[in-house]
Amino acid sequence: MLRREASLASGGVLATGSVAGCLGQPTGSASDDEETTTDSGSTEIADDAALEATLEVGDDSRTLFTTADIARVGAVSTRPQTGPSVPIELTAAGTESVTQTAAAVDLDSSYEAATITITLDGERINQFGINAELAAEMAGGGWSGQFVLTFVDEAAATAFRDRLLAEG
């Protein structure tokens with residue numbers, strides 16, 4: 001099976017092939033040159049970290065995934081076009097939750113009115129739009145379950161990653 005990696009670049013989140021809306025952050029993709037990594041990935045997610053991603057389409061708000069749906073938090077890295085970032089890979093159940101929710105709201109046709117909000121411990125980390133290609137992948141079940149969250153600086157990326165990890 002061909003695995004597509006989409007790049008959801010959005011003022012704070014990249015989901016690894018398509019580019020979503022941006023709130024003042026540069027956009028990029030997983031293929032940007034000159035990546036630098038400052039630490040390694042981990043699967044030990046902190047039990048008390050409360051991350052939630054919600055999808056809003058008009059007045060309809062639905063949870064896409066939570067901390068329990070995260071399989072792996074990757075290393076902090078910096079790319080020239082996107083700046084500091086942290087990749088997140090969802091579990092199969094988390095990926096299925098996203099694709100089912102996207103299908104339920106007809107995201108492939110309603111994406112222009114849709115936003116995704118990421119919160120951690122009740123604090124909004126980012127909010128961004130979704131482009132047509134990514135919306136179609138999510139609603140069609142072809143999305144890989146990988147996000148790359150971008151940050152203003154490396155310290156913010158490291159603090160976010162450390163909060164998600166049990167050993168952080």
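Analyst: Start with exposure. Buried means under 20% relative accessible area, exposed means over 50%, and partly exposed lies in between (1.4 Å probe, protein chains only). Take aspartate 48: its relative accessible area is 55%, so aspartate 48 is exposed.

User: What kind of model is this, and what do its values rest on?

Analyst: This is a predicted model, where local features need pLDDT of at least 70, side-chain atom pairs count only at pLDDT 80 or more, and totals for chains, interfaces and linings use all residues. Residues are numbered from 1 along each chain as its sequence is written, and side-chain values use heavy atoms, leaving out hydrogens and water.

User: How do I read pLDDT, and what does the protein chain average?

Analyst: pLDDT is the predictor's confidence in each residue, from 0 to 100. The protein chain averages 79, and 74% of the residues score at least 70. Residues 1-39 have a pLDDT below 50. In the model, this stretch has 135 contacts (heavy atoms within 4.5 Å) beyond near neighbours in sequence.

User: Which elements have the lowest and the highest mean pLDDT?

Analyst: Helices (H or I, at least four residues) and strands (E, at least two) are DSSP runs, numbered from the N terminus. Strand β1 (residues 13-14) has the lowest mean, 44. Helix α1 (residues 92-104) has the highest, 96.

User: How many salt bridges does the structure hold?

Analyst: Side chains of opposite charge can pair when their charged atoms come close. A salt bridge puts a side-chain nitrogen of Lys or Arg within 4 Å of a carboxyl oxygen of Asp or Glu. The structure holds three. One joins aspartate 60 and arginine 62, with the closest N and O atoms 2.9 Å apart. Aspartate 60 is partly exposed, at 28% relative accessibility. Arginine 62 is partly exposed too, at 33%.

User: Which residues are linked in a network of salt bridges?

Analyst: Asp48, Asp121 and Arg163. Arginine 163 meets aspartate 48 at 3.2 Å, N to O. That pair is 115 residues apart: arginine 163 sits in helix α4 (residues 154-164), aspartate 48 in the loop between β2 (36-37) and β3 (51-57). Arginine 163 also meets aspartate 121, at 2.6 Å, N to O. Here the partners are 42 residues apart, with aspartate 121 in the loop between β8 (114-120) and β9 (123-129).

User: How accessible are arginine 163 and aspartate 121?

Analyst: Arginine 163 has 25% relative accessibility, so it counts as partly exposed. Aspartate 121, at 40%, also counts as partly exposed.
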